[in-house]
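Subject: Structure for you to look through

Hello,

Here is the structure I said I would pass on. Please open it beside this email and follow the residues as they come up.

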Amino acid sequence: MPGRPISSSRAIFHWYPAPAARPSMSPAWWRWISSQDSLTARLIQAAGDRPFRVRLLAQGMARPYRDEALVLGIGLQRLAWCREVALCVDERPWVVARSVAPLSGLRGLRLDRLGERSLGSWLFQQPDLERGPIEVTHHAPSFYAADGCWGRRSVLKHRRLRILVQEFFLDAMADELQLSSR
């Protein structure tokens, strides 16, 4: 539900550089995890003729989780803009994502008006977009009740905007695309 408060309590995640996780990952998963392009575009392509939809779960100001604040270099008690979405094929969530951005970089961008449009569809149109190193985790998302075997995150930069994008690949996607559990 858009506009509802986003909870900031959860267990600490353990994130690893993507290359360190590659030996425990199938080649098919590595292609999904290591891709530098828009995940939304890749999901639309994988969906084929089936409908793709971004479902907005929550969006608003909240305190980032400890690991998010550390990656973004902001104080633990500072508010940030947070957005949680489910990326769905045939109305089934394949990926859930949580994005966090310091408020100082949002001036004039109006990302709160994205609604059920993909953040990635806007970000990957920016010619100066830079993506930091990708990190991975085996943890399931804390903000959405579903199982999955991989999560990834990276910081994307556009002018003064720094936004941490975390994407969790769910079992529904793995089953549908016949991806191994690792």
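A charge sits over a ring if NZ of Lys or CZ of Arg is within 6 Å of the ring centre and within 35 degrees of the ring normal. Please keep in mind that this is a predicted model.

Charges over rings

The charged end of Arg-42 is placed over the ring of Trp-32, 4.7 Å from the ring's centre. Arg-98 lies over the face of Tyr-65, and here the distance to the ring centre is 3.9 Å.

Aromatic pairs

A pair of aromatic rings is described by the distance of the centres and the angle of the planes. There are four aromatic pairs in the structure. One of them joins Trp-15 and Phe-168: the ring centres are 6.1 Å apart and the planes are at 55°, so this pair is tilted. Trp-15 is in the segment before β1 (16–17), while Phe-168 is in strand β8 (residues 161–170), so the pair ties together parts that are 153 residues apart in sequence. Are these two residues buried or exposed? Trp-15 is buried, with a relative accessible area of 12%. Phe-168 is also buried, at 2% relative accessibility.

Trp-32, the residue under Arg-42, has a ring partner too, namely Phe-169. Their centres are 6.4 Å apart and their planes are at 65°; planes over 60 degrees apart count as edge-to-face, so that is the label for this pair. Trp-32 belongs to helix α2 (residues 27–34) and Phe-169 to strand β8, so the pair ties together parts that are 137 residues apart in sequence. Both Trp-32 and Phe-169 are buried.

Ring pairs also link Trp-15 and Phe-168 with Phe-143 into a cluster.

Ser-121 is in helix α5. Its side chain reaches the backbone oxygen of Ser-118 at 2.6 Å. At 37% relative accessibility, Ser-121 counts as partly exposed. What separates the C-alpha atoms of Ser-121 and Leu-39? The distance is 9.1 Å, although the two residues are 82 residues apart along the chain.

Gln-126 is found in the loop between α5 (119–123) and β5 (130–131). The side chain of Gln-126 reaches the backbone oxygen of Trp-122 at 2.9 Å. With a relative accessibility of 17%, Gln-126 counts as buried, because the cut-off for buried is under 20%.

Regards

How values were computed: Residues numbered from 1 in each chain as written. Predicted model: local features only at pLDDT ≥ 70, side-chain atom pairs only at ≥ 80, totals over all residues. Heavy atoms only, no water. Phe/Tyr/Trp six-rings, centres within 6.5 Å; stacked < 30°, edge-to-face > 60°. Helix = DSSP H or I, 4+ residues; strand = E, 2+ residues; numbered from the N terminus. Buried < 20%, exposed > 50% of the residue type's maximum accessible area, 1.4 Å probe, protein only. Polar contact = N/O pair within 3.5 Å; in protein donor to acceptor, adjacent residues only side chain to side chain.
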